[in-house]
Amino acid sequence: MRVGVAGTAIGLATFFALLSYYGDITGFLWASNSNPRMVAHLESLVGGPVALIDGTGHDGQYFFLQANDPWLLNPDEGLEFLDFPTYRAQRMLYPVVSSLGGLLGPSSILWGLVVTNILAMGVGSWGLGRLAATMGMSRWLGLAFALNPGIVFELAIDGGSLLGWALAVWGMVVVNERRWMAGAVLFAGAILARETMVLVAIGAFAFVWFKEHRLRLSLVAVPVGAAGLWWLIVRKQLESLAWPSSDKTLDIPLRGIWMGLSNWASTGGLNLALGVLVLFCAGIIVVSAVVRPSLLSWGTAGFVPLLMILNPAITVGGLNVTRAMAPAVSAALVLVLGRKAFPGPVREPST
């Protein structure tokens, strides 16, 4: 069954990847045409034309630049094109893994970014299925990882959240098995892929405290310490790049969600559907965490208050907000489909 869930997720991801961008692997970068110097640099790296889009582009172009210098050794030779260098560089694990620690050349990195996310899709689905099984549900609910719209979009744009969420899922799996240090290490990796995964580590720490009345400080101390150390390295290595860290992630409470609601209602269609899905899943996580506490609901509960303070630049786009809330969406789908979100008699699903 494990192979079945993981294999199915990898197969779906591979099928999606093969159909994407008409076979042009550079399409996954979502590179912007707005900066001719950056375009020229990208084309010099890959040795040919790069698929371009209008506007600011997306994460893939920046992760590709990072993967060509994953340890930030030559920041003035490509990293100056990052929109927010220190903010981007703190998400180091995906470019490190995709480039095999900097051993691959640019053309191989293009494939490494995609293959890493495809494999993470399978690993994350396998882990989520194991978590579902510990709650008396079918392992096949692990496909809520692979069929999550935000995660699919991460695959489409070479985003790093997919790897981060996969590691966070496995962090919860091993914490559920009371392997505290293994969980701490996995949470550290998750945070180094996407900083918001610290919310999963905090949720797992709180749940263990709630259930066992014991402080497992390693679950937060190790990942926060690792992220803090890399934070210091980033600022040392990129001190020559006088750029802001970020100005478009968080905002005053409720402003982003209010503007998101207005935009979803006015645009309708997919945007509205994804916005409603995010709100529905946030509600499910809150209800489940209160009435039927579980490691899965507590581990993703921190994303609900995060939703309330996200910047409108994230919330107005249905796909972007599903990326930001991907862990909560996957968890809520498992809890609802497995009928574990609410109190009352539950019929165990067949396997």
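A residue counts as buried under 20% relative accessible area, as exposed over 50%, and as partly exposed in between. In this predicted model, arginine 255 has a relative accessibility of 39% and so counts as partly exposed. Its salt-bridge partner is aspartate 251, with 2.5 Å between the closest N and O atoms. Aspartate 251, at a relative accessible area of 22%, is likewise partly exposed.

Eleven salt bridges are present in the structure. One of them joins the side chains of lysine 236 and glutamate 239, at 3.6 Å from N to O. Lysine 236 is exposed, because its relative accessibility is 52%, and glutamate 239 is exposed at 57%.

A further salt bridge is formed by the side chains of glutamate 154 and arginine 323, with an N to O distance of 2.2 Å. Glutamate 154 belongs to helix α8 (residues 149-156) and arginine 323 to helix α18 (residues 318-324), so this pair ties together parts that lie 169 residues apart in sequence. Glutamate 154 and arginine 323 are both buried. They also take part in a network of salt bridges that links them with Asp59, Asp83 and Arg88.

In soluble globular proteins, nonpolar side chains tend to be buried together. The largest nonpolar core of this model comprises 100 residues, of which Met121, Phe145, Trp165 and Leu296 touch the most other members. The element that gives the most to this core is helix α9 (residues 161-176), with eleven residues. When residues up to four places away in sequence are not counted, methionine 121 touches Ala9, Ala13, Phe145, Ala146, Ile151, Leu155 and Leu162.

Key
Residues are numbered from 1 along each chain as its sequence is written. This is a predicted model: local features need pLDDT of at least 70, side-chain atom pairs count only at pLDDT 80 or more; totals for chains, interfaces and linings use all residues. Side-chain values use heavy atoms; hydrogens and water are left out. A nonpolar core is a set of buried Ala, Val, Leu, Ile, Met, Phe, Trp, Tyr and Cys residues joined through side-chain atoms within 4.5 Å. Buried means under 20% relative accessible area, exposed over 50%, partly exposed in between (1.4 Å probe, protein chains only). Helices (H or I, at least four residues) and strands (E, at least two) are DSSP runs, numbered from the N terminus. Contact means heavy atoms within 4.5 Å. A salt bridge is a side-chain nitrogen of Lys or Arg within 4 Å of a carboxyl oxygen of Asp or Glu.
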